[in-house]
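Please look through the sequence and the model below before reading on.

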Amino acid sequence: MRKNKGSPGVDGVTLAAFAARRDAALGRLKAALESWTYKPAPVRRVAIPKPGGRGTRNLGVPTVRDRVVQATLKHLLELIFEPTLSAHSYGFRPGRNQRQAVEAAREIVAGGKPYVVDLDWAQCFDRSRHDRLIARVGEHVPDKPSCAGSGSPGAVALSPMA
């Protein structure tokens, strides 16, 4: 959050303001997660200009509080799912980047394959059946009660305090 100078969400709370009351804020967040009363706030919509003036792209800015939960969930879910992913997958994975993907593609072509497939699943999760996705996540997450929906489509309410 600090690296990209995260702006506040709909509640207007900045990273600095959250950090100033970190212990109290994390205590309340822990209590909400443990009691299953945590609800993510709506995201603040921001239109970001596309490169070259080709219009805008909508960006949702969550609250700092929700970003803390998202970062914790990302970490926990990566521990579970990263070992199951294909060695040939590079997108949005820890320790992997575009340069590695290009190098792997070059090696495939140099090895005699006539083509490389590059998939960009634009709006994949917008078009996914979230109930099925959550059910599949539940097959791998040991804390079964935590795979209940949090009220937001596609959200997973895992407790990072477990």
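Helices (H or I, at least four residues) and strands (E, at least two) are DSSP runs that are numbered from the N terminus. Asp66, to which this briefing returns below, is found in helix H3. The model is a predicted one, in which local features need pLDDT of at least 70 and side-chain atom pairs count only at pLDDT 80 or more, while totals for chains, interfaces and linings use all residues. Residues are numbered from 1 along each chain as its sequence is written, and side-chain values use heavy atoms, with hydrogens and water left out.

**Overall layout**

- The protein chain contains five helices and two strands, and from the N terminus on its elements follow the order α-α-β-β-α-α-α.
- Of the 162 residues in the protein chain, 20% are buried, where buried means under 20% relative accessible area, exposed means over 50%, and partly exposed lies in between (1.4 Å probe, protein chains only).
- Among the contacts in the protein chain with a separation of 6 or more, 49% are between residues 24 or more positions apart; a contact here means heavy atoms within 4.5 Å.
- The protein chain has an accessible surface of about 12000 Å², and 58% of this surface belongs to carbon and sulfur atoms; such areas come from the Shrake-Rupley method with a 1.4 Å probe, and for residues only the protein chains shown count as cover.

**The nonpolar core and Tyr38**

- A nonpolar core is a set of buried Ala, Val, Leu, Ile, Met, Phe, Trp, Tyr and Cys residues joined through side-chain atoms within 4.5 Å.
- The largest such core has 10 residues, namely Phe18, Ala25, Leu29, Ala32, Leu33, Tyr38, Val64, Val68, Val69 and Leu73, and the elements that give two or more residues to this core are helix H2 (22-34) and H3.
- Tyr38, one of the core residues, touches Leu29, Ala32, Leu33, Arg65, Asp66 and Val69 when residues up to four places away in sequence are not counted.

**Thr63 and Asp66**

- Thr63 is placed in the loop between strand S2 (56-61) and helix H3 (64-81), and Thr63 counts as buried because its relative accessible area is 3%.
- The side chain of Thr63 reaches the backbone nitrogen of Asp66 at 3.1 Å, which can be read against the rule for a polar contact: a pair of N or O atoms within 3.5 Å, of which, within protein, one must be able to donate a hydrogen and the other to accept it, with residues adjacent in sequence counting only if both atoms are side-chain atoms.
- Not counting residues up to four places away in sequence, Thr63 touches Gly9, Val10, Asp11 and Ala41.
- Asp66 also counts as buried, because its relative accessible area is 3%, and, leaving aside neighbours within four places in sequence, Asp66 is in contact with Tyr38, Lys39, Pro40 and Ala41.

**Salt bridges**

- A salt bridge is a side-chain nitrogen of Lys or Arg within 4 Å of a carboxyl oxygen of Asp or Glu, and by this rule the count comes to seven.
- Arg93 forms a salt bridge with Glu82, with the closest N and O atoms 2.5 Å apart; this pair links distant parts of the chain, as Arg93 and Glu82 both lie in the loop between H3 and H4, 11 residues apart.
- Arg93 is buried, since its relative accessible area is 8%.
- Glu34 forms a salt bridge with Lys30, with the closest N and O atoms 3.2 Å apart, and both residues lie in helix H2, four residues apart, or about one turn of the helix.
- Glu34 is partly exposed at a relative accessible area of 43%, and Lys30 is likewise partly exposed at 37%.
- The side chains of Asp131 and Arg129 meet in a salt bridge at 3.1 Å, N to O, with Asp131 partly exposed at a relative accessible area of 47% and Arg129 partly exposed at 46%.

**The loop between H4 and H5**

- Tyr115, Val117, Leu119 and Trp121 form a nonpolar patch on the surface that has about 550 Å² of accessible area together; patches are made of residues with over 30% relative accessible area and no salt bridge, with like charges joined within 9 Å and nonpolar side chains (Val, Leu, Ile, Met, Phe, Trp, Tyr) joined within 5 Å.
- Val117 lies in the loop between helix H4 (98-110) and helix H5 (130-138), and Val117 counts as exposed because its relative accessible area is 60%.
- Asp120 lies in the loop between H4 and H5 and counts as exposed at 69% relative accessibility.
- Asp120 and Gly91 are 29 residues apart in sequence and 9.2 Å apart in space, C-alpha to C-alpha.
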